[in-house]
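Visitor: Could you walk me through this one? I'd like to start with the open space in it and then go to the strands.

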Amino acid sequence: MINVIIIKKGCHMLTIGFIGAGNMAQAMIKGWSGNQEIQQVVYSPHAGQKVADDLHIEAKSSALEVWLASDLVVLATPPDQLAAVARELQPGILIKPSVIVASVLGGISLEQLHKALGNTVVVTRALPNVNVAVKYGYTALAFDEQVDADVKGAVAALFLELGRTDELTEEQFGAASAIAGSGPAFVAAFTEAFKEAGVAKGLDEEVAAKLAEQTVAGTAQHMTQAKKAPLDLANEVMTPGGSTAAGFDVLTQGGLNQLVLDTITATMAKNAEFE
């Protein structure tokens, strides 16, 4: 039987500790900031103190200190540092085995995490995207088979504060990473293309940028709040034979779906090189 603390909001102040202070760790810290039931601590040998000062949380002097202070530890170092971090954590795991680990290390499987940390530690793989910083992110979660429903639900509830979350198999992480993890870059590129088209057609650059950004953000919000499928919304906007339909035909006939599929395929192929 795995000895864990079930994380339940309202029972006590929950401490989330970050080992690593890169972009994803900072995005998650921002997303959880403001929750009065959560306190956050961070350790990174180079950036930890600055990130702590910037984001108004506590910096710890070692990974071990983070472990001993936390209910949930987020591993957010470069993947090649896992072994070194695990060695530093071993005394803490013996003293306090109840800490739950959420790893955001790219390409590191649950099996590899257990090999490094031991089989008594409850681990989950988490795949958030940068939008968690504004509580509008997506996080995929993968758990060991023996992790019980209470633990899964408690961990998922934490990540739900950052946006949407789903439990996926590890085999599905490649596609999820390419779409949700890398996707903000692709959506940003499409938004930039919108802006550039506006400039090319005579709009001031600042106005074109605002138009593009608001259109993309507003469309996403509309689909989410109204629970509309993308093509349902597209068909509502379009009048058959009208101007929007003319532009939509250019997108579809120009192979938009195949271009996006090729983009995701290339992203997944590159990700696979690191696994």
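**Pocket and sheet**

Guide: The second largest pocket holds about 830 Å³ of space, where a pocket is an open set of points on a 1 Å grid over the protein atoms alone, each fitting a 1.4 Å probe, with protein on both sides within 12 Å along at least five of seven lines, and lining residues have an atom within 4 Å of a point; the volume is the space filled by probe spheres set on points joined across faces, edges and corners. This is a predicted model, in which local features need pLDDT of at least 70 and side-chain atom pairs count only at pLDDT 80 or more, while totals for chains, interfaces and linings use all residues. Residues are numbered from 1 along each chain as its sequence is written, and side-chain values use heavy atoms, with hydrogens and water left out.

Visitor: Which residues lie nearest the centre of that pocket?

Guide: Of the 38 residues in the lining, Thr77, Pro79, Val104, Leu105 and Gly106 lie nearest the centre. At least two lining residues come from each of H1, helix H4 (82-95), E6 and H7, the labels being DSSP runs numbered from the N terminus, with helices (H or I) of at least four residues and strands (E) of at least two.

Visitor: Switching to the sheet, what is the strand order?

Guide: Eight strands make an open, mixed sheet in the order E3-E2-E1-E4-E5-E6-E7-E8, where two strands pair if DSSP finds at least two bridges between them. Strand E3 (58-59) and strand E8 (163-167) are the edge strands, each pairing on one side only.

Visitor: How many bridges join E4 to E5?

Guide: Four, and the two strands run parallel; within this pairing, Leu75 stands opposite Ser103 of E5. E1 and E4 are also parallel and joined by four bridges, with Ile19 opposite Leu75.

Visitor: And Ser103, is that buried or exposed?

Guide: Ser103 counts as buried because its relative accessibility is 2%, and buried means under 20% relative accessible area, exposed over 50% and partly exposed in between, with a 1.4 Å probe and protein chains only. Leaving out residues up to four places away in sequence, Ser103 touches Leu75, Leu113, Thr124, Arg125 and Ala126, contact meaning heavy atoms within 4.5 Å.

Visitor: What does its side chain reach?

Guide: The side chain of Ser103 reaches the backbone nitrogen of Leu105 at 3.2 Å, and Leu105 is also among the residues nearest the pocket centre.

Methods:
Polar contact = N/O pair within 3.5 Å; in protein donor to acceptor, adjacent residues only side chain to side chain.
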